[in-house]
Amino acid sequence: MMILYVLIAVLYAVLWVASVRFGDCPGDRSGFGRMAEYAYIFLRKKGMCQSREVREGLCAVCPEMEAGRQEEHHLREYYVKKLRFVLLMVFMGNLSAACLCIAGRLESSLEEGRYIDRNSYGLGSEEADLRAEITGGEKKSEEFRIVIEEQQYEEAVIRKMAEEVRDILPDAVLGSNVSLEEVRSDLNLPDSVEGYPFRITWESDNYARIYSDGSVMNEGLEKGGEAVRLTAILSCGTYREELMVPVHVYPPMYSQDELLRRKIYEALVEQEKADRSRKEIRLPEKVDGKTLIWSRKQEDSSGYLLFLAGIGAAAMYLSGDKELRKKVSRRNRQMLSDYPQLVTRFILYLGAGMTMRNAFRKIAFDYKKGREEGGHRYVYEEMLLTCHELDSGISEALAYEHFGKRCRLPQYNKFANLLAQGLKKGSSGLLEELRHESKIAFEDRRNLAKKLGEEAGTTLLLPMMLMLGIVMVLIMIPAYFSFSI
C-alpha cells in the first residue's frame, strides 16, 4: 500500500509543478486552487467539464451569463471549486492513510530483528502477532500470536498469591463435567486467574486425548476410557509450581508442517518464560534444524482510509451538480410565485396610462430601490438586465424576447410574447389579454401552494409516525407491567 500512497503524492507533486509552469493558468490562485485551475483547463482540452445541464443551470441562477460575456468565467469558477474540494479531500485522505501505514510499520518493527519490548510492572500483558519466514529448505512463512506477560513481582508476594490460586484452580478446571473422573466434554483450562498475575500453562502426557487448551478428543475412545495426566504450571517470574490432574486423550495425527508449527510455538512459549525478567524477548533462531526469520505481523488498514476519502471526494463532486439543480428548482419556484404580482402591477401601470416600456422600467427600478430590504428576486433581476439592454439600444421587441428566453418558464415566454404583440398591434387589446393571464397566473399560484403543502405534509409523515410509535410504547409498557403485577 505504501507504494500507492507514494505514487499519489508524486502525482500531486507533478500536478503542482505543472500548474505553476502553465502559462494560461491565472496567477491569482495558490495551492490546491491553482492545481484545480490547471486540472480544469486540462480536462476542457480533453472534452470534459462541458456538461450542458450544468451550463443551463448556471445560466438560470446567474442571468449575467447570457446577458454578458461571463459564461466561461462562471463555468470555470463552478468546476474549479468542485475540483479543488476533490483534490483537497484525496490529498488529506492519502496523507492520513500514509501516516497510519508508517505508524503501523514502526509499531510492528522488531529491535535487531528478534527482540520485543515487554510491558513494565502493572501495565498488563499484550498480544504480539508474529510472522516467521522459515528457511533451510522450502522457503515458507508461518503466523503466530503469543501473549507477552508484564514484568513480574517480588517472589515473596508471588508465593502468597500462589497459595490462594492452588485452592481455586482445581474446581475451575471442571467446565460442564460432573467430576474429573468422568470427563465427557471439554475442560476449562484457564491461562490465568482473575486478580492474580500468574500465567498458567498446561501440559499433557498424551496430547492425542486432551490438548493444552482443554479440547477433549474422545471420538473412538474405548468403553473403559484412557487415563491421561494433565500438568498445570503456575509461573510468574522465577516462581513455578505444578499441579497434577488426571484425564483421557487420543494422540492427534499431525502432519510434518503441523509438528513443526507446534515445536515453534512451544519454543516461543519457553523463550517467553525464560526471558520474563528481561525487558525484551529473544525469539528462537532455529527449531528442528530449520532457520526462522521473524517479523511482526502488521494489520494495515490505511487502504480503507484512502478508499473512503476517494468515495467522499466523488460524492462531493457529484453533490455539486445536485446543489446546482436545487438552486435552479428554487429559482423557478420563486419566479412562478412572483409571476401573478408582476402581471397585476403591469396591468395597473398600463391602466394608469403608462407605456409598456415605462411600466416595465417602473417595476424594475422600484425593485432596485428596495432590493436591500426585500431580498434577491430572480424575475426582477432579469427585468433590470432587460432595462440595461433597452438603454444600450436594443429594440424593445428583441429585449422582451430575450427576457422571456432567460426566464426559461412558459409563463414568462407567454408574457414576453404578449408584450411583443402589443408593440405590433397596439395596446388596445393588451390589457384584456393581461387580465386573462392574471386570472390564470393566480390559479397556477394556488395550485403551486397546494402542491407545496402536500409535499410538506409528506415530509412530516415520517416524524409523525415515529412520534406515534413512541407514544404507543409509552402507553403499552406501563399497561404490560400492570397486567404482570
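The expected span of a helix is 1.5 Å times one less than its number of residues. This report applies that to a predicted model.

**Helix α9 and its partner**

Helix α9 runs over residues 356-369, which is 14 residues. From its first C-alpha to its last it reaches 20 Å, close to the 20 Å expected at 1.5 Å a residue. Which residues of α9 are buried? They are M356, A359, F360, I363, A364 and Y367. These residues cover an arc of only 125 degrees around the axis, which puts them on the same side of α9. As background, an α-helix has 3.6 residues a turn, so residues three or four places apart point the same way.

Helix α9 packs against α8, residues 302-351, at an angle of about 130 degrees, and the two axes are 9 Å apart. That angle makes α8 oblique to α9. The crossing of the two helices is right-handed. On the α8 side, the contact is made by L342, R345, F346, Y349 and L350. On the α9 side, M356, A359, F360, K362, I363 and D366 take part. Among these, M356, A359, F360 and I363 are also buried.

**Helix α2**

Helix α2, residues 32-45, has 14 residues and reaches 20 Å between its first and last C-alpha, close to the 20 Å expected for it. Is α2 largely enclosed or largely open? Ten of its 14 residues are buried, so α2 is largely enclosed by the rest of the structure. The buried residues are G33, R34, M35, A36, E37, Y38, A39, Y40, I41 and L43. After α2 comes G47, with a positive phi near 85 degrees.

**Residues in loops**

V183 lies in the loop between α6 (155-173) and β4 (199-204). Buried means under 20% relative accessible area. V183 has 18% relative accessibility, so V183 counts as buried. Apart from neighbours within four places in sequence, V183 is in contact with N177, V216 and V247.

D288 is in the loop between β8 (286-287) and β9 (290-296), and R408 is in the loop between α12 (396-407) and α13 (410-425).

Key
Residues numbered from 1 in each chain as written. Predicted model: local features only at pLDDT ≥ 70, side-chain atom pairs only at ≥ 80, totals over all residues. Heavy atoms only, no water. Helix = DSSP H or I, 4+ residues; strand = E, 2+ residues; numbered from the N terminus. Buried < 20%, exposed > 50% of the residue type's maximum accessible area, 1.4 Å probe, protein only. Arc of directions from axis to C-beta. Axes fitted to C-alpha atoms, helices over the stretch in contact; angles between N-to-C directions. Parallel < 35°, antiparallel > 145°, perpendicular 65-115°, else oblique. Left-handed = near helix turned anticlockwise from the far one by under 90°. Contact = heavy atoms within 4.5 Å.
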